[in-house]
Amino acid sequence: MNLRTVAMCVVLGSSSLAATAQMGAGSGPAPGTVVSPAKAADAQLNIIEGEMMGAVKAMPAEKFGFAPSAAIFVPGQTTEFATVRTFAQQATHVAQANYYFYMTVSGLKPDVDMAGLPKLTKKEDIVAALAGSFAFAHKAIATLTPANSFEVVKLEEPGLFTRSTLAGFGVSHAFDHYGQMVEYLRMNGIVPPASAK
């Protein structure tokens, strides 16, 4: 090997190590470690909870009624926004869905009026409701065990769901709405906190 090749390998290697360190790799269990279903599912819930709560707190209270409209598109572009949720409705929908999915995962009963969640309009109430729904989800996920994780649960949605796969679906559902909320933030000139890192 010539000196140039060795130098490039050293630079690339150190860059990879620096990138890995910044991403937090190595901070979790070692590859090959077996963890409980609850711990694995809870780790995923932590990710979306952090990102979504950051987004909801970042949106100014006066913008919670914001929803995209046809006015933001070029003239002549066909768009339909009659049923688009506002930012507040995105957040309360996720809160309501969290309670629904995770009570089905665990059998636990929510201590909130789920039907009242979509009626919330004040930022502080919505932030508290969303945080409460994630706290409930964590309790529900804690009930997952190797013995019950792949037990089939009944859901109003079509398809095959087990306790574990429904916990994963709850996370992916929240990420879907988080993606929409990120666009709402950016349309209002706000950088989502998770993107600012």
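## How H2 and H3 cross

Let's start with a pair of helices in this predicted model: the crossing of H2 and H3 is left-handed, a label used if the near helix is turned anticlockwise from the far one by less than a right angle. On the H2 side, the contact (heavy atoms within 4.5 Å) is made by Leu45, Met52, Ala55 and Val56, and on the H3 side by Phe87, Ala91, Val94 and Tyr102. These residues split into 8 nonpolar, no polar and no charged.

The two helices pack at an angle of about 155°, and their axes are 11 Å apart. H2 and H3 are therefore roughly antiparallel, a term for angles over 145 degrees.

## The nonpolar core

The largest nonpolar core has 47 residues, and Met52, Val56 and Tyr102 touch the most other members. Such a core is a set of buried Ala, Val, Leu, Ile, Met, Phe, Trp, Tyr and Cys residues joined through side-chain atoms within 4.5 Å. H2 (37-58), H3 (87-106), H4 (123-141) and H5 (163-187) each supply at least two of its residues, and H3 gives the most, with 11.

Beyond its neighbours within four places in sequence, Tyr102 is in contact with Leu45, Phe136, Ala137, Ala140, Ile141, Ala167, Gly170 and Val171.

## A look at His138

His138 sits in helix H4. It counts as buried because its relative accessibility is 19%, and buried means under 20% relative accessible area with a 1.4 Å probe, protein chains only. Leaving out residues up to four places away in sequence, His138 touches Asp42, Leu45, Asn46 and Glu49.

## About the model

Residues are numbered from 1 along each chain as its sequence is written, and side-chain values use heavy atoms, without hydrogens and water. Local features need pLDDT of at least 70 and side-chain atom pairs count only at pLDDT 80 or more, while totals for chains, interfaces and linings use all residues.

Notes:
Buried means under 20% relative accessible area, exposed over 50%, partly exposed in between (1.4 Å probe, protein chains only). Helices (H or I, at least four residues) and strands (E, at least two) are DSSP runs, numbered from the N terminus. Axes are lines fitted to C-alpha atoms, for helices over the stretch in contact, and angles run from 0 to 180 degrees between N-to-C directions. Angles under 35 degrees count as roughly parallel, over 145 as roughly antiparallel, 65 to 115 as roughly perpendicular and the rest as oblique. Ala, Val, Leu, Ile, Met, Phe, Trp, Tyr, Cys and Pro count as nonpolar, Asp, Glu, Lys and Arg as charged, and the others, Gly among them, as polar.
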